[in-house]
Amino acid sequence: MDPSQVKIPPMKDLTVDNITENVIRINSLCEDERMKYVLERLVSHLHDFARETRLSSQEWMTGLMFLTEVGKICSDVRQEFILLSDILGLSILVDSIDHPKPPGSTEGTVLGPFHTHEAEVMPHGDSMSHDPKGEPLLVVCTLKDTNGNPISDVKIDIWETDSTGHYDVQYADRNGPDGRCIMRSDDSGVFWFKAITPVPYPIPHDGPVGKLLKKLHRHPFRPSHMHFMFEKEGYDHLITIKII
């Protein structure tokens with residue numbers, strides 16, 4: 001970008017009281033109105049947070065180094081920032097704002113860090129798990145709208161851990177997807193499949209988010225559950241879990 005082509009808005013001599021206004025002004029040239037608004041509110045709340053807590057330079061550097069470590073451990077199969085967003089309650093809050101639910105409908109939840117797009121399409125009755133140590137489980141479900149009418153031809157993405165509490169993507173030597181599948185509801189809104197009984201498991205706690213949980217005296221375990229994601233044109237996207 002040629003600096004001579006940018007018309008910088010007039011700035012004030014920086015003080016603790018006007019730095020927020022200055023930052024918002026210099027960011028105001030963005031042509032994307034939504035991005036400009038979101039960034040304006042982000043800067044305002046971040047600055048208010050620093051003022052309210054009287055944040056020290058050492059504390060801010062500790063936070064920056066923590067975020068640096070979160071980024072370093074991220075990979076194609078591990079998203080530490082999603083874990084951080086989850087334990088702060090931000091993931092579920094954003095989902096609730098973006099996908100408000102009418103009375104009587106199933107509450108949504110977060111996608112989580114272990115969903116992939118590798119799941120195989122399976123017919124009803126097939127087994128999505130090949131773990132011989134898992135306790136066999138038959139799952140029979142019916143999809144209905146809030147009026148009790150069946151919903152047919154819904155794409156259903158399903159995934160769970162193996163009997164040790166690990167998802168397939170957590171294994172470096174895996175040969176392909178396991179413990180996950182995609183199917184569609186029939187004319188009666190029904191879909192059914194074979195799986196294994198879910199087990200409780202800890203989120204990955206060998207990284208910076210795990211260290212934060214320990215510092216906060218929070219355990220990393222999640223109750224035994226199975227993930228479901230429902231998609232059909234004309235309906236709001238729904239991600240939920242079934243605790244078993």
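A residue is called buried when its relative accessible area is under 20%, exposed when it is over 50%, and partly exposed in between (1.4 Å probe, protein chains only). Val94 is partly exposed, because its relative accessible area is 45%. This residue lies in helix H5, which covers residues 90–98; helices (H or I, at least four residues) and strands (E, at least two) are DSSP runs, numbered from the N terminus.

The structure is a predicted model, in which local features need pLDDT of at least 70 and side-chain atom pairs count only at pLDDT 80 or more, while totals for chains, interfaces and linings use all residues. Residues are numbered from 1 along each chain as its sequence is written, and side-chain values use heavy atoms, with hydrogens and water left out.

The chain has six helices and eight strands. Along the sequence they follow the pattern α-α-α-α-α-β-β-β-β-β-α-β-β-β. UniProt, in an unreviewed entry, lists residues 32–105 as "domain: Catechol dioxygenase N-terminal". That stretch is 74% helix and 0% strand, and its end C-alpha atoms are 35 Å apart. The UniProt record also lists residues 128–240 as "domain: Intradiol ring-cleavage dioxygenases", again in an unreviewed entry. Here the chain is 7% helix and 34% strand, with end C-alpha atoms 18 Å apart. UniProt positions are given in the numbering used here, feature names are shortened, and annotations may be inferred rather than shown by experiment.

As for overall dimensions, the C-alpha atoms fill a box of roughly 70 × 40 × 35 Å, taken along the principal axes. Buried residues make up 32% of the 244 residues. Of the contacts (heavy atoms within 4.5 Å) with a separation of 6 or more, 68% are between residues 24 or more positions apart.

Val94 also belongs to a nonpolar surface patch of about 570 Å², together with Leu88, Leu90, Ile92, Leu93 and Ile97. Patches are made of residues with over 30% relative accessible area and no salt bridge; like charges are joined within 9 Å, and nonpolar side chains (Val, Leu, Ile, Met, Phe, Trp, Tyr) within 5 Å. A salt bridge is a side-chain nitrogen of Lys or Arg within 4 Å of a carboxyl oxygen of Asp or Glu. Accessible areas come from the Shrake-Rupley method with a 1.4 Å probe, and for residues only the protein chains shown count as cover.

His117 is found in the loop between H5 and strand E1 (136–142). His117 is exposed, because its relative accessible area is 76%. His117 and Met229 are 112 residues apart in sequence and 12 Å apart in space, C-alpha to C-alpha.
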